Structure formats: C-alpha cells, structure tokens
Amino acid sequence: ASPPTFELNPMKKKILAAKGGRVIIECKPKAAPKPKFSWSKGTELLVNGSRIRIWDDGSLEIINVTKLDEGRYTCFAENNRGKANSTGVLEMTEATRITLAPLNVDVTVGENATMQCIASHDPTLDLTFIWSLNGFVIDFEKEHEHYERNVMV
C-alpha cells in the first residue's frame, strides 16, 4: 500500500490539442489502493459533461477542443494513504488538413506516375508526409529505385 505519487510518471508539462479535435490528458500516478481522481482547470473543478469526461483510469478527455479549453489542468489523486497532484498546460493548435489529396492515376506499365498531396498545418508544428500502398508504408530509402519523393515547400 502506498499514497499516490507522480515521481515516476508526472503529467506532461505541455499538451497539444488540435482545434475541433479530441485530446486525452493522462493521469497515471503510482498508488495502492487505486486512487480516486478529480480534475481542475485553473481554479475550476471539472465534472463529466457533454465535452469533458474523466475516465476510470484518471485520464481526462476533451472533445471538440476550442481556444477556451487552453490553460493549466491539474489531476488530483487520492486514496486512503494520501493524496498528490500533477499539472500540465493545454495548448490548442490548428488542425492539420489535406488540401489536395492524391487522385487516381491511369498509367501504362513501365511508365512513371506522379501523385500529389498538399496539406495545411499549424506553423508551430513540423509536418511529415507518410505514403502507403495497400496499407503498407513505403520506405523511400529502401525502395529508391522504384519510388521517388519530391518535397516542394
């Protein structure tokens, strides 16, 4: 038996959530017996509602994230041995969107085919394009004789 502690698994200090998306903020203290969980945003105690849900494992889920959801979130864990808390800051980013999706291409065997993909994203984040064929990710380094990636900025 032990009181809750976040020493080995503190909450992330910075949590990013996409505008209009869904975010899960984990709260995973070490404790025995299993603690009861509560959450606050700033000084406001949070309760389950239409957009906010506190899971049995202590995680906090927020759906349809807006700018108003940004702020300091604190998870409180308490059992019969003691209590502890951990805090992180939620920041909203613009959602990544594919603005030009690859189109179907008819090509003669032995000829080259070109496919394009363009996306918009939050300027504070890096963007990585991952291409797959029939559900398998294409490794452009291993398959450089068959596939070529051209990156245009």
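How much space lies in the largest pocket? About 1200 Å³. The views below come from a predicted model, where local features need pLDDT of at least 70, side-chain atom pairs count only at pLDDT 80 or more, and totals for chains, interfaces and linings use all residues. Residues are numbered from 1 along each chain as its sequence is written, and side-chain values use heavy atoms, with hydrogens and water left out.

**View 1. The two domains.** The domain assignment gives domain 1 (2-93) and domain 2 (95-152). Such bounds come from an automatic or database assignment. The domain centres, taken over C-alpha atoms, are 37 Å apart. An unreviewed UniProt entry lists residues 4-91 as "domain: Ig-like". UniProt positions follow the numbering used here, feature names are shortened, and annotations may be inferred rather than shown by experiment. The span 4-91 is 56% strand and 0% helix. Its end C-alpha atoms lie 27 Å apart. Helices (H or I, at least four residues) and strands (E, at least two) are DSSP runs, numbered from the N terminus.

View 2. Two strands pair if DSSP finds at least two bridges between them. Strand 3 and strand 8 (residues 60-63) run antiparallel and are joined by 4 bridges. Ile24 has Glu61 of strand 8 as its bridge partner.

View 3. Strand 5 and strand 6 run antiparallel, joined by 3 bridges. Ser40 has Leu45 as its bridge partner in strand 6.

**View 4. Two loops with backbone exceptions.** Most residues other than glycine have a negative phi, and most peptide bonds are trans. Ala32 and Pro33 are joined by a cis peptide bond, with omega about 0 degrees. Pro33 lies in the loop between strand 4 (30-32) and strand 5 (36-41). Asn64 is not a glycine, yet has a positive phi of about 50 degrees. The loop that holds Asn64 runs between strand 8 and strand 9 (71-79).

**View 5. The largest pocket.** On a 1 Å grid over the protein atoms alone, a cavity is a set of points where a 1.4 Å probe fits but cannot get out; a pocket is an open set with protein on both sides within 12 Å along at least five of seven lines, and lining residues have an atom within 4 Å of a point. Of the 29 lining residues, Ala113, Thr114, Met115, Trp131 and Glu148 are the closest to the centre. Strand 12 (118-120) and strand 13 (132-133) are the elements that give two or more residues to the lining.

**View 6. The second largest pocket.** This pocket has a volume of about 200 Å³. Its lining includes Phe6, Met11, Ile24 and Cys27. Strand 3 gives the largest share, 3 residues.

Notes: Grid points are joined across faces, edges and corners, and a volume is the space filled by probe spheres set on the points.
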